[in-house]
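Work through the following exercises with the sequence and the structure open beside you. Try each task before you read its solution.

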Amino acid sequence: MTSSIVRLRLEPMIAPQPSHRLLEIRNLSRAFGGVKAVNDVSFVVTAGRIHALIGPNGAGKTTLFNLVAGVVRPSAGQVLLDERDVTDLPTAERAQAGLQRTFQNLQTFSELTALESVMVGAHLRSEPSFLKALFNTPAIRQANAEARDRAEMLLQRVGLDTFRDSRSDAMPYGALKRLDIARALAAEPKLLLMDEPAAGLNPAETATMRDLIADIALQGVTVLLVEHDMKLVMSIAETIVVLDQGQKLAEGTPDEIRRSPEVIRAYLGGGIRRRRS
Ligand SMILES: Nc1ncnc2c1ncn2[C@@H]1O[C@H](COP(=O)(O)OP(=O)(O)O)[C@@H](O)[C@H]1O
Ligand SMILES: [Mg+2]
């Protein structure tokens, strides 16, 4: 590819084959000191679906995300992205391969406007020279305009067009969560890992977030969701993996998970609910 510019598209991605193994985790383990944070976990994320990863606090969900993203190295096991072994690849190369994540603890570009934050997101998978040139080189004004159009479209899609020129440090929390999603989408991921997108949101914001996640999936981006709001998870996920103390406890449809004896036992017989450690 001669330039990253041609990668900028305004059209949604075509939905991939439903049976395609977009992410495969094979016998993945990671310990911290004596704590087996993730212990021999295997599962597959199929393209074009919403998958959820649930479990009590300390179950290993964020560690699993960190292993998939390449922020944390596994002590055993493999991560395959698009049927390619990426276990030894750095974070940036996984992003190039189509992986993005949103954060439980927001990492925003506070000095930038909402629009600029999303434009930066669009170029995280591009060449550094392109990123450097983004804001000041006349020769690539056309690319800049395309990136801007795309960023504006994404802001609209997450319902933030009115915040276009606001500095992100002046934006309310719920808006920042959606800005983080727009930033991640700007890189055109195939797979989006979302760590507790509804945490800290009120019921109305949570309902909007639910619609947004459904819309992202409809546009052909596969979603792996970590979320404590069981109403949200049960209403949106097609497949659920339950982690408990680093191990996979159960996997199935929302109905199967609700009825699973192991899951019911692990959650003290009270059904799946939020548990704080
Ligand atoms: N960087 C780390 N250093 C030491 N222990 C960690 C680290 N990250 C996670 N852990 C431990 O691993 C376990 C799983 O944590 P985490 O993946 O954050 O769980 P969850 O996201 O499901 O709440 C916990 O016992 C936690 O204390
Ligand atoms: Mg966590």
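**Exercise 1.** Find which side chain is joined to that of R167 by a polar contact of 2.8 Å, and then describe the surroundings of R167.

*Solution.* The side chain of R167 makes this polar contact with the side chain of D169, where a polar contact is a pair of N or O atoms within 3.5 Å, and within protein one must be able to donate a hydrogen and the other to accept it, while residues adjacent in sequence count only if both atoms are side-chain atoms. This is a predicted model, in which local features need pLDDT of at least 70 and side-chain atom pairs count only at pLDDT 80 or more, whereas totals for chains, interfaces and linings use all residues. Residues are numbered from 1 along each chain as its sequence is written, chains are lettered from A and ligands numbered from 1 in the order in which they are written, and side-chain values use heavy atoms, with hydrogens and water left out.

R167 counts as partly exposed because its relative accessibility is 40%, which falls between buried (under 20%) and exposed (over 50%), using a 1.4 Å probe and protein chains only.

Finally, look along the chain: S110 is 57 residues away from R167 in sequence, yet their C-alpha atoms are 6.3 Å apart. Beyond its neighbours within four places in sequence, R167 is in contact (heavy atoms within 4.5 Å) with S110, E111, L112 and T113.

**Exercise 2.** Decide how many residues of helix α1 (residues 61-69) are buried, and identify them.

*Solution.* Eight of the nine residues are buried, so that the helix is mostly covered. They are K61, T63, L64, F65, N66, L67, V68 and A69. Just after α1, G70 takes a positive phi of about 90°.

**Exercise 3.** List the residues that surround ligand 1, and give the distances from its oxygen atoms to A59, G60 and T63.

*Solution.* Start with the surroundings, counting a residue if one of its heavy atoms lies within 4 Å: these are F32, V35, A37, P56, N57, G58, A59, G60, K61, T62 and T63. Then take the distances in turn: a backbone N or O atom of A59 is 3.2 Å from a ligand oxygen atom, a polar backbone atom of G60 is 3.0 Å from one, and a polar side-chain atom of T63 is 2.6 Å from one.

Definitions and conventions
Helix = DSSP H or I, 4+ residues; strand = E, 2+ residues; numbered from the N terminus.
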